[in-house]
Amino acid sequence: MPASRFRTAIPVALAMALSPAAQALTEEEILRRFEEYERRIEALEAELRAVKAGKTTVAAPVATPEPTAQSASDKKLARLERQVTSMQRAFRQEEGRLQLNGFASAGVATSNVSQQLNTQIHDDWDFNADSVFGLQANFRVNKKTQFVSQFVARGVDEARSEDEFDARVEWAYLSYQHRPDLKLRAGRLRLPIFMISEYQEVGYTYPWARPPSEVYGLVGQFTAYDGFDVLYDLPLRGGWHANLQAYWGGRASTVLLAGSSIGVDLDDAVGVNVRLNYRDLDLFAGYNRADLSFSTLPASLATAEAALNAFAGQTLTVRKEDLTFKALGWHYDDGDWLFMGEYTIFNIDEWLIDTEAYYATVGHHFGRFLPHFTFGKLNTTDGSNRIFPAPVGNLRNAPTFLDAEQSSWTLGLRYDHMPGIALKFEWQRIADLNGTAGLFTAPPGKDVDVWSFVIDTVF
Amino acid sequence: MRTVLHPLARLAFFGLMLTSSAARGEVLVIVHPENQVDAPTTQQLSDIFLGKERLTPDGRMVQPVDQSETTAAFHEFHYKVTGMSSSRLQAYWAKRIFTGRGQPPQRVDDDAAVLEMVTTDPTVIGYVSDKSEPSARKVRILLRIP
C-alpha cells in the first residue's frame with residue numbers, strides 16, 4: 001500500500017466515522033428537540049411577561065420606588081430577555097442543523113451515427129447519457145464544523161458502462177471553517193480541475209444539455225479524490241472577490257479512453273485554482289498535476305505497448321505517467337447576456353495524447369427563455385510523438401495512433417419553467433474529425449448531428 | 001386539454017404576477033436597533049445576500065435573512081439589489097450548495113417573520129416592504145431602496 005494512499009485514507013475514515021452521528025439524529029429526535037425548545041421559550045416568555053406585569057403594578061402606586069428593588073427587577077428582566085433571545089437563536093440553529101439538497105436530470109438524446117459519442121449517444125434513443133440523480137446532506141456538527149456527503153447515481157456510469165444508476169459517493173468530507181475567510185476540508189472531495197468540474201452533473205446550473213464534450217468528455221471522468229483542500233477568500237477591494245483553492249490527494253478510478261475501459265490510479269494529485277468575481281463576472285484559472293498509473297490496460301493499448309516495444313527495441317511502458325491540466329475560464333451573466341467559455345490544455349508523458357480544447361458560449365435571456373450558441377474544439381497536439389508503423393498505426397484507423405480532433409456547433413434553448421425546473425432542447429453538429437474518432441468510440445466518417453432534450457431540477 | 005398546475009407552480013406564478021402588476025414600492029433594509037453597522041451600498045448588500053461577504057464594510061458579522069419567493073418584497077429586493085430572477089438565484093445557489101461553498105440565507109414567510117427575527121437577534125439583517133411600517137423603536141432602518 002503506497003504511503004500516500006494510506007495518508008488519504010485517514011480523512012475518509014474520519015468522515016465515514018462521523019456519518020453515523022449525522023444519521024443518529026432522526027426526525028423524531030429533531031422534532032422532540034424542537035418541542036423542548038418551544039416549551040422552554042414559552043416558559044421564559046411567560047416568566048418575562050409576569051416580571052414585566054409585576055414591575056408596572058409595583059411601580060405605579062409607589063411614588064419613590066426603592067432603588068435596589070427596581071434595579072434588581074430590571075436586572076432580572078434584562079437577564080430573562082437575554083435568555084429568550086439566546087433560546088430563540090439556539091432554536092433557529094437547531095432547525096438549520098441538517099440541510100438536505102438534491103438535483104436530478106432526465107434526458108433523451110440521439111444522433112445519426114452508430115458510433116457512440118461519449119461512449120453513449122448514438123443512432124437510437126438514449127435515456128441514460130444525461131440522466132442523473134444526486135442527494136446531498138449537510139450536517140452541522142458545531143459552529144465551525146460540518147459533515148457533508150453527496151451521493152450521485154448516473155444513468156450512465158462512464159467508468160463502468162454496464163452499470164446503470166449505481167449510486168456513488170462523490171463527496172464525503174468534514175469541513176472546518178477556521179476563520180470566516182478560511183475553510184479546510186478533508187475526506188472525499190470533487191476534483192476541481194476545470195471551471196465547472198465540481199458541479200458538472202448539476203445540469204440546472206448551466207445552459208447546455210451537458211458540459212461541452214470537447215473539454216469535459218475525457219476529463220469529466222475524473223470525478224472525486226480522497227484528500228484535503230483549503231479554500232481561502234483573498235481580501236480584495238472595490239467589489240472584487242477572489243477565492244483560492246488548493247488541494248492534495250489521490251484515488252483509484254476507471255475511465256474510458258478511446259472506447260476502452262482503463263483502470264487508473266491518481267496519486268499525489270495537487271492543484272491550485274483561483275476564482276475571481278466582480279458582480280456578474282467570474283474568472284477562473286487552474287493548474288493541476290498528478291501521477292497517473294494504469295492498473296489495467298485495455299487490449300488496444302496493451303497491443304500498442306507490445307508493438308511499440310518490438311518497434312523501439314526497448315521497454316516502453318505506460319504504467320506511470322505525469323499528467324497536467326491547465327485551464328482558463330470565464331463566465332458572465334447579467335440577466336440579459338450570457339458569455340462563457342474555457343480554454344484547457346491536457347498533457348501526459350510520452351506517446352499518450354496531449355490535447356488542447358476549448359469552448360465558447362453566447363446566450364441571451366428573453367424572459368424565461370435562453371437561446372444559446374456554443375462552439376467547441378478539441379485536438380491532440382503531439383501527433384509527432386505517435387507516428388508508429390503498422391500494426392500500431394492502424395489500430396484506430398487514424399492518421400496517427402490515438403489522434404483525436406473535432407469541432408462542434410451547438411444551438412440550444414433553455415426554458416426556465418419555474419424556479420428549480422429547467423427544460424432544454426439542443427441540436428449539435430460535430431464536424432472536422434479529419435478521419436479521427438474525436439470523442440466517438442470509432443471514427444464516424446462523416447459529420448454528426450446530435451439532438452438532446454433534458455429536464456433539470458434542483459431541490 | 002385541461003392543465004393542472006402544481007401548487008408550487010401556482011405559487012411561483014402568483015409571485016411573478018405580484019411583481020409585474022403591483023406598483024413597485026420601497027424596500028426597507030432593517031437591523032436590530034442596537035446594531036450600529038454602517039449602511040451598506042446596494043452592491044455590498046447584494047454581496048451579503050449572495051454569501052460573497054460574511055462581514056459588513058465595517059467588519060461586523062451579519063446574518064442575512066431572505067423572504068419566501070411568494071412575497072412581493074422578495075421580488076422587489078432581488079430585482080433591485082441582486083438583479084437576479086428566482087431561477088438565476090436558484091442556479092447561483094445550486095453551484096455553491098453542491099460544491100460545499102455555502103448555503104443560501106434562511107428564507108422566512110413574510111415581513112412579520114423578518115421583523116421578529118431582526119428584533120430578537122442583533123446579528124440579523126433583513127428586508128421588508130414599506131407597507132409593514134416597522135417602528136423605529138423595534139428596528140433600525142439601514143437603507144430605503146426606492
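Predicted model: local features only at pLDDT ≥ 70, side-chain atom pairs only at ≥ 80, totals over all residues.
Residues are numbered from 1 along each chain as its sequence is written, chains are lettered from A and ligands numbered from 1 in the order in which they are written, and side-chain values use heavy atoms, without hydrogens and water.

**Entry 1: the sheet of chain B.** I recorded strands as DSSP E runs of at least two residues and helices as H or I runs of at least four, numbered from the N terminus. Strands count as paired if DSSP finds at least two bridges between them. Strand β2(B), residues 63-67, and β3(B) pair in the parallel sense over three bridges. I then traced the whole sheet: five strands, open, in the order β3-β2-β4-β1-β5 of chain B, with mixed pairing. β3 (106-108) and β5 (140-145) of chain B are the edge strands; each has a single partner strand, so one side of each lacks a neighbour in the sheet. From one strand to the next the twist averages 30°. Helix α5(B) packs on this sheet and touches β1 (27-31), β2, β3 and β4 (124-129) of chain B, its direction making about 150° with that of β4(B). Contact here means heavy atoms within 4.5 Å. Axes are lines fitted to C-alpha atoms, for helices over the stretch in contact, and angles run from 0 to 180 degrees between N-to-C directions.

**Entry 2: a helix pair in chain B.** I looked up α2(B), residues 42-49, against α3(B), residues 72-82: the axes come within 9 Å and cross at roughly 115°. From α2(B) the contact uses T42(B), L45(B), S46(B) and F49(B), and from α3(B) it uses F77(B), V81(B) and T82(B).

**Entry 3: chain B against chain A.** I noted 30 residues of chain B and 42 residues of chain A in the contact. The buried area (accessible area, 1.4 Å probe, lost by two parts on being put together, summed over both) is about 3100 Å², and carbon and sulfur atoms give 51% of it. In chain B, K95(B), F98(B) and R101(B) lose the most area to chain A, together 24% of what that side buries. The rule finds three salt bridges across this interface, a salt bridge being a side-chain nitrogen of Lys or Arg within 4 Å of a carboxyl oxygen of Asp or Glu. I checked R88(B), which forms a salt bridge with D333(A), the closest N and O atoms being 3.7 Å apart. On the side of chain B that touches chain A, α1 (7-21), α2, α4 (86-97) and α5 (111-120) of chain B each supply at least two residues. α4(B) gives the largest share of that side, eight residues.

**Entry 4: strands of chain A.** I followed β11(A), residues 337-348, to β12(A), residues 355-364, an antiparallel pair with ten bridges. M340(A) has T361(A) as its bridge partner in β12(A), and T361(A) in turn has T374(A) in β13(A). β12(A) and β13(A), residues 369-380, pair in the antiparallel sense over nine bridges. These two strands form a hairpin with four residues between them, and G367(A) in the turn has a positive phi of about 60°.
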